[in-house]
Amino acid sequence: MGVTSTIKRRILGRLHPLFKRLMLPACGLLIVVHIATWSDRSLPEAPEIHRVLPGEALDPLVKPKIHNPHDKRPSNAFESVLRSAAEVEDLQGPDDDAPVVSLTKKNTPSDTRRNKGFQKNEQALQVEAPKGEDDKMKKVKRESDDLRDSEWSMSKMNISGNEKVKFPGHKISEDTVTLTVMSSADKVFMSINKREIYRGLTQRGMHVVVLHQHTGKSVAARVFDTFNNGTEEEMVEQDEAATGLTWKGRNKLREMGSRFADRINFRDMWILVTIKGGLKLAESFSNVAVEDTAYEWGGPLFLRTDFDLEATAGLCPWGKSDHAQLRQRFCQRFDGYGDLCKCSVKNFEDVFFKTDPQVFKDLEGNPFHKELAVAVLASDRPHYLYRTLKALREAGGEKNSRIVVLVEKEHREIAALTKIFGYHLIVTGQRPGENVTVPVRVRDKVQYAFRELMGASFPANTIPEGMKAVPSIPTLRTDYLVILEDDMEVSLDFFKYLHSLAPVLKKDETVAGITAFNFNSYNSAADSLVDFYRTDRLQALALLVPSRTLHEYLIPGWPTLESPLRWHSGLQRELDKKTSLSIIYPEISRCRHFGYSGHQIHGSLQKAFFDTHRISLTTSYEIPKQNIERLELTSYDQWQLQTIKNSKPVSFNFCKYAYPYGEDPIVVYVEYDGNMDNDKQLLALLKCFGAWHLYAEGEWRRTWHLRYNGHPVTVVAVPASPYSNLKPADYKMEDMTKEKQEGENI
């Protein structure tokens, strides 16, 4: 027996069972594991600079300091992050057939974007003409709205499989984008493919951002301060959003797919990403009661999810006219405009409520029609402005060329919206400085309107630096200007009302203006469309200012640059003198305030005092001639005196008991000496009548006219009113501050 045979038999023979039972299965297992993990091994791990990490890596404004050879984006790609995703190209869109070959920097001045605390540098795509074409064919267009064609696409962003958020049945493709959202007590941040689309640092409440289903761009972003009372939507909470969140709001959140809607409590953190219609993509929730954050808010939330953009832009069949194309481009870039952007509303005129056209034809035949203009003071609230402009269009009776929108700085959304309506837009500029208050900015804007539209000259010490150069609208000069803020909605008969009272304004020099607003216009306190009153208290909302008032009272009393006073302070001082100067106002308002976000009026005040204001809803009425003629000074004093004499004196506690319904006029005397510190009885009575009761409004010679249970009511202040001597000797003035005792009957 040879050596070889001995080795095979004694060594290999004994190893064969070991190899067969142990080594062979181990090798097979290694092969299976290797094959199973091959897909992950084939993808290189994402560089550290591309990972979205809590904190600093979430902020795309931080430019990476480490060069990554695999990054295929242009070297200036991080500079283009500074441009907001809400920025859109000019309404005259670029030529889609032009070949894009290189990215260059465009020399444009930097400005401050809405909801951004930083400066932006605009980029532009330089388009080179094909060989052989003239250099004049070169064009410049902005970066494409579509993420697929930009340096922020999935492939060019080099997002690895480790960073993509997968869920069953979802296949990653070029139409897939990665959305990253952060919510904390002091910051809200959102990005698409690591490109910032929204950040909120100062506004409290629920942040809602709407993304375009085709481009992935942000088309709407709004903040709902709920502390006071084919589209993707992200809802993120900052600081506090649960206190004023009603059951209706929570039901709506449940319809959108939220499972935490009922659990959101004070200062909890919450994020919801959903597709309109109820398909939820992702949701996260942090309860302040369980999170150990060492402070009084829920812990910060970080959420990332993927979704697919739609292959088509979803254009509406509105035709190919210039205005239809203008509307098409607007609705592709901005959202939240109701019927204006509904595909089913094909005709632009169908967006608006229709009224009797004969009424408007009659107004156009009135000479006052050519003397009247409207100045709308716009701010960074385009959705509010849309509602105001829509109401003006529905009111009719005024040419588009005599309606002007004034805004402090360039605003693409406001500019596009104004262009769709066909109104003038004036960019007034603003005085330098960060500590300029809102009333002062409004004052500057109103002064600019007076200078531009009424040709007024103001003292040099009242004109702010940077607002001296006045652009020219030579076709528009007016002697009567309506000052309207962008959160005021006018009624259908707004211009009919102004035209009807214009004769009094021209004839009686003691009438300083006409307002379309009445603080007491509630269902319980106002009932007549054809009754109007004088007041010696200034009501500046929707105020018609004649040239006479501007030059006699406003310009001489205009505040200096350093003054914090409002634009109407000069007129207010004249009215406070209790001379014969007055403002005319209607019993039922011809406009109402609807803004929940403003300098003076916030959610709780708007809901408590303005939401229930009554407004005229028709043009089908005729105003008696005597109701207009009695508004002149002498006639009005005689009418008021005669009304008090012919009314039944009623000594009754309207706060404790219900007064019977009827139509007989009554007069009520209340204790009030004219000092606002002693107005407790007066305000209690106004509150019981269901009128405005934060302070007294709408008085003339310390007398108020209201409606109560069908009765015309005249309230006379004793001893402040000159009519207080008409109080019967046996009349007992009730204490309106006493509440009804339990078990007490009438």
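Q: Why is Cys-343 called partly exposed in this predicted model?
A: Cys-343 has a relative accessible area of 33%, and the partly exposed class runs between the 20% under which a residue is buried and the 50% over which a residue is exposed. The value of 33% falls between these limits, so Cys-343 is partly exposed.

Q: How do you know that Cys-316 and Cys-343 form a disulfide?
A: The sulfur atoms of Cys-316 and Cys-343 are 1.9 Å apart, and a disulfide requires a pair of cysteine sulfur atoms within 2.5 Å, so the pair qualifies. The angle about the S-S bond is -55 degrees, and the link of Cys-316 and Cys-343 is left-handed.

Q: What makes this a link between distant parts of the chain?
A: Cys-316 sits in the loop between β12 (301–308) and α5 (322–333), whereas Cys-343 sits in the loop between α5 and α6 (357–364), and the two cysteines are 27 residues apart.

Q: Why does Cys-316 count as buried?
A: The relative accessibility of Cys-316 is 11%, and buried means under 20%, so Cys-316 belongs to the buried class.

Q: How do you know that a disulfide joins Cys-331 to Cys-341, and which parts of the chain does the pair tie together?
A: The S to S distance for Cys-331 and Cys-341 is 2.1 Å, which is within the 2.5 Å limit, so the pair is counted as a disulfide. Cys-331 belongs to helix α5 and Cys-341 to the loop between α5 and α6, so the parts tied together are 10 residues apart in sequence. The link of Cys-331 and Cys-341 is left-handed, with -85 degrees about the S-S bond, and both of these cysteines are buried.

Q: What makes Cys-655 and Cys-688 a disulfide, and where do the two residues lie?
A: Their sulfur atoms are 1.8 Å apart, and the limit is 2.5 Å, so Cys-655 and Cys-688 meet the criterion. Cys-655 lies in the loop between β23 (648–649) and β24 (666–672), and Cys-688 lies in helix α16 (residues 680–688), so this pair ties together parts that are 33 residues apart in sequence. With 110 degrees about the S-S bond, the link of Cys-655 and Cys-688 is right-handed.

Q: Why do Cys-655 and Cys-688 count as partly exposed?
A: Cys-655 has 25% relative accessibility and Cys-688 has 24%. Buried requires a value under 20% and exposed a value over 50%, so both residues fall in the partly exposed class.

Q: How many disulfides does a search of the whole structure find, and what is the pairing?
A: The search finds 3 disulfides, and when the bonded cysteines are numbered in sequence order, the pairing is 1-4, 2-3, 5-6.

Q: Why is α7 called roughly parallel to α8?
A: The axes of helix α7 (residues 382–395) and helix α8 (residues 412–421) come within 10 Å and cross at roughly 10 degrees. Angles under 35 degrees count as roughly parallel, so the label applies to α7 and α8. The crossing is right-handed, and the residues in contact include Leu-385, Tyr-386 and Leu-389 of α7 and Ile-414, Leu-417 and Phe-421 of α8. By class, the contact of α7 with α8 has 7 nonpolar, 2 polar and 3 charged residues.

Q: What makes α5 and α8 roughly antiparallel to each other?
A: The axes of α5 and α8 come within 10 Å and cross at roughly 155 degrees, and angles over 145 degrees count as roughly antiparallel, so α5 and α8 take that description. The crossing of α5 with α8 is left-handed. The contact is made by His-323, Leu-326, Arg-327 and Phe-330 of α5 with Glu-413, Ala-416, Leu-417, Lys-419 and Ile-420 of α8, and these residues divide into 5 nonpolar, 1 polar and 3 charged.

Q: Why does Ala-542 count as buried, and where is this residue found?
A: Ala-542 has 2% relative accessibility, which is under the 20% limit, so Ala-542 is buried. Ala-542 is found in the loop between β19 (532–535) and β20 (543–546), and its phi is near 50 degrees, a positive value in a residue other than glycine.

Conventions
Residues are numbered from 1 along each chain as its sequence is written. This is a predicted model: local features need pLDDT of at least 70, side-chain atom pairs count only at pLDDT 80 or more; totals for chains, interfaces and linings use all residues. Side-chain values use heavy atoms; hydrogens and water are left out. Helices (H or I, at least four residues) and strands (E, at least two) are DSSP runs, numbered from the N terminus. Buried means under 20% relative accessible area, exposed over 50%, partly exposed in between (1.4 Å probe, protein chains only). Axes are lines fitted to C-alpha atoms, for helices over the stretch in contact, and angles run from 0 to 180 degrees between N-to-C directions. Angles under 35 degrees count as roughly parallel, over 145 as roughly antiparallel, 65 to 115 as roughly perpendicular and the rest as oblique. A crossing is left-handed if the near helix is turned anticlockwise from the far one by less than a right angle, and right-handed if clockwise. Contact means heavy atoms within 4.5 Å. Ala, Val, Leu, Ile, Met, Phe, Trp, Tyr, Cys and Pro count as nonpolar, Asp, Glu, Lys and Arg as charged, and the others, Gly among them, as polar.
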